[in-house]
Amino acid sequence: RRLNMNICIIDGKLIKDREMLHRILAELPGVPDWYGRNLDALHDCLTDIQEELLIRIQNEKDLTLHLGNYAAAFLHVLAESAEENKKIHYVVEVN
């Protein structure tokens with residue numbers, strides 16, 4: 001049995017600032033137009049999503065280089081959201 005799942009790739013090499021990160025996240029399936037483009041709004045949206053969603057984080061070191069502590073806060077929000085909503089999955093890929 002295969003799960004039908006939306007996949008979003010967050011590549012730390014390409015994410016240069018918070019605005020770019022939130023621009024990509026705003027395009028996720030199930031994220032409403034009113035998405036506030038901050039971590040609190042992200043948590044609210046992810047916990048409401050009703051479709052299976054996998055968020056793949058690539059090049060985490062580059063993400064941290066570009067976003068500083070905000071990268072860790074973002075990953076924390078992903079972890080909390082996945083804990084609350086079992087349709088949300090994320091993986092930090094090791095390269």
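Helices (H or I, at least four residues) and strands (E, at least two) are DSSP runs, numbered from the N terminus. The model is predicted: local features need pLDDT of at least 70 and side-chain atom pairs count only at pLDDT 80 or more, while totals for chains, interfaces and linings use all residues. Residues are numbered from 1 along each chain as its sequence is written, and side-chain values use heavy atoms, with hydrogens and water left out.

**View 1. Overall fold of the protein chain.** The protein chain has 4 helices and 3 strands, arranged along the sequence as β-α-α-β-α-α-β. Its radius of gyration (taken over C-alpha atoms) is 13 Å, close to the 12 Å that the globule rule gives for 95 residues, so the chain is as compact as a globular protein of that length. The globule rule is 2.2 Å times the number of residues to the power 0.38. Along the principal axes, the C-alpha atoms fill a box of roughly 35 × 30 × 20 Å. Of the 95 residues, 40% count as buried; buried means under 20% relative accessible area, exposed over 50%, and partly exposed in between (1.4 Å probe, protein chains only).

**View 2. The largest nonpolar core.** A nonpolar core is a set of buried Ala, Val, Leu, Ile, Met, Phe, Trp, Tyr and Cys residues joined through side-chain atoms within 4.5 Å. Of the 28 residues in the largest such core, I10, L46, I55 and F74 touch the most other members. At least two core residues come from each of β1 (6–11), α1 (18–25), α2 (39–48), β2 (53–58), α3 (60–67) and α4 (69–84). The most are given by α4, with 7 residues.

**View 3. Surroundings of L46.** Contact means heavy atoms within 4.5 Å. Leaving aside neighbours within four places in sequence, L46 is in contact with L28, L53, I55, L78, S81, N85 and I88.

**View 4. Two loop residues with positive phi.** R37 lies in the loop between α1 and α2 and, although not a glycine, has a positive phi of about 55 degrees. R37 is partly exposed, with a relative accessible area of 44%. N59, in the loop between β2 and α3, is likewise not a glycine and has a positive phi of about 55 degrees. N59 is buried, with a relative accessible area of 11%.

**View 5. The cysteines C8 and C45.** The structure holds 0 disulfides, a disulfide being a pair of cysteine sulfur atoms within 2.5 Å. C8 is in no disulfide, and the nearest cysteine sulfur, that of C45, is 13 Å away. C8 is buried, with a relative accessible area of 9%. C45 is also in no disulfide and is buried, with a relative accessible area of 2%.
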